[in-house]
Amino acid sequence: MANRFGVKLQSRLPNLAGIYPFSTPIACTNSVQCCSKAQTRIVGKRRAIRCRNIHRRVVLGIGVSLWSQFMSMAGNVGAKSFVASARQKGAIEQVLKNVEWPEQFPFKDENFQRSSDTLFYEMPRFVTHIDDQAIAALTKYYSEVLPSSNTPGVAVLDMCSSWVSHYPAGFKQERIVGMGMNEEELKRNTVLTEYVVQDLNNNPKLPFGDNTFDVITNVVSVDYLTKPLDVFKEMSRVLKPGGLAIMSFSNRCFWTKAISIWTSTGDADHVMIVGSYFHYAGGYEPPQAVDISPNPGRSDPMYIVYSRKIATA
C-alpha cells in the first residue's frame, strides 16, 4: 500500500505518532501560548519551545487529515500499529517511503504565516537552539555524509547560518558560504570562508550561479521559511548535479518565528512537510528521512530530511 498524503489539518490534532510525548501544554507568558515551563529552554534572551502538543488552530480545507494519511503508511507499518511503531527505532525513516503526493502543492499561503524577522535579528545572539547531545548527533551525522575536508573544488552553503554551523571539528573546504540574518553572528563563524546577509523570506533568490554547491545545509531553521518552494527551487538551481541538501530540525522553535503549520503539527508531520518541499520544488530525487535523536525522551530529538539534485547526463 502506498503512503497517501492527506492535507487537512484539523483544528485539534492528535498527538501524531507519539514519538516524543511531553506533558500536556498549559498557558505561559512571554507571548508564548500553550506551553508548559517544562517544555521550554532559555537560550540567551530568546525562549525556544517545543513545537509539539500545541493546539494552534489552522484549517487547510484541502483533503483528509494528516493523521489519516499516516494511518495508511506503506511498508511494514500497518494502520493499527503505526502509533506504537512510531516510538520504535526507524519509524521516522518510514514516513517518506512510497508517498503518493497530490498533483498540486497542498498547502495554502495562510499555512506559512508568521512574524517578521527584522527586529528579531537586529542584535546578535550567540546562543545554540538545541541541546549539546543533539548538536553532537548532528555533528556526527555530518562527519559521515559531508565530503572529506579539503576536497578539491568542493563548495558548501550553510543556509540560515549563524555563529556556528555544527560541522565536524577542523572541517575545511575551498569555499564554505554562510547565509544568515545577522552579520555579527556570521563574522564569528570561523568555518566560513565568506558570508551573505539576506532575509530569505523577503528575497528567496540565492545570489549564486547555477551548479555552484556540492552541499547545502540548514540547521533548525527550515520551519521559519515562509516561501519554502521558492527557496527549495533556488537550492536546486545552485546545487551541482548530484549535490546534497540536508535539512535538520528538532521540536524546538521560536513561537513567533515558526510558520503556522509547523506549530500546529508534530514531529512526523514535520518530516512530511519538509519532504513535500523537495518534491514540489522539482529537480530532486525522492526525499528521505533519518532520525538521529541521541537519547529519545531525555534530550532534544533530531531529524534529517535530505535529498540530492537529480544528476543530468
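User: Are Phe278 and Tyr284 buried or exposed?

Analyst: Buried means under 20% relative accessible area, exposed over 50%, and partly exposed in between, with a 1.4 Å probe and protein chains only. Phe278 and Tyr284 are both buried. This is a predicted model, in which local features need pLDDT of at least 70 and side-chain atom pairs count only at pLDDT 80 or more, while totals for chains, interfaces and linings use all residues. Residues are numbered from 1 along each chain as its sequence is written, and side-chain values use heavy atoms, with hydrogens and water left out.

User: Which strands pair with E8, and in what sense?

Analyst: Helices (H or I, at least four residues) and strands (E, at least two) are DSSP runs, numbered from the N terminus. Two strands pair if DSSP finds at least two bridges between them. Strand E8 covers residues 213-219. E8 runs parallel to strand E5 (residues 155-161), joined by four bridges, and Met159 stands opposite Asn218 of E8. On strand E9 (residues 239-249), E8 pairs in the parallel sense over six bridges, with Leu239 in E9 as the bridge partner of Phe213.

User: Through which helix does the chain cross from E8 to E9?

Analyst: A crossover is right-handed if, with the strands pointing away from the viewer, the path from the first strand over the helix to the second runs clockwise. Here the chain passes from E8 through helix H5 (residues 228-238) to E9, a right-handed β-α-β crossover.

User: How many residues of H5 are buried, and what do they pack against?

Analyst: An α-helix has 3.6 residues a turn, so residues three or four places apart point the same way. In H5, nine of the eleven residues are buried, among them Leu229, Phe232, Met235 and Val238. The buried residues of H5 pack against E5, E8, E9 and helix H7 (267-281). Strand E8 is also mostly covered, with six of its seven residues buried.

User: Which residues have the most contacts inside the largest nonpolar core?

Analyst: In soluble globular proteins, nonpolar side chains tend to be buried together. A nonpolar core is a set of buried Ala, Val, Leu, Ile, Met, Phe, Trp, Tyr and Cys residues joined through side-chain atoms within 4.5 Å. The largest one has 45 residues, and Phe232 and Met235 have the most contacts inside it. H7 supplies the largest share of this core, nine residues. Contact means heavy atoms within 4.5 Å; leaving aside neighbours within four places in sequence, Phe232 is in contact with residues including Val222, Met247, Val274 and Phe278.

User: How many aromatic pairs are found in the whole structure?

Analyst: A pair of aromatic rings is described by the distance of the centres and the angle of the planes. Rings of Phe, Tyr and Trp (its six-membered ring) pair if their centres lie within 6.5 Å; planes under 30 degrees apart count as stacked, over 60 as edge-to-face and the rest as tilted. The search finds 14 aromatic pairs. Phe105 and Tyr280 have ring centres 5.4 Å apart and planes at 70°, so this pair is edge-to-face. Phe105 lies in the loop between strand E4 (99-100) and helix H3 (132-145) and Tyr280 in helix H7, so the pair ties together parts that are 175 residues apart in sequence. Phe105 is partly exposed at 22% relative accessible area, while Tyr280 counts as buried at 14%. For Phe278 and Tyr284, the ring centres are 4.9 Å apart and the planes at 80°, so that pair is edge-to-face.
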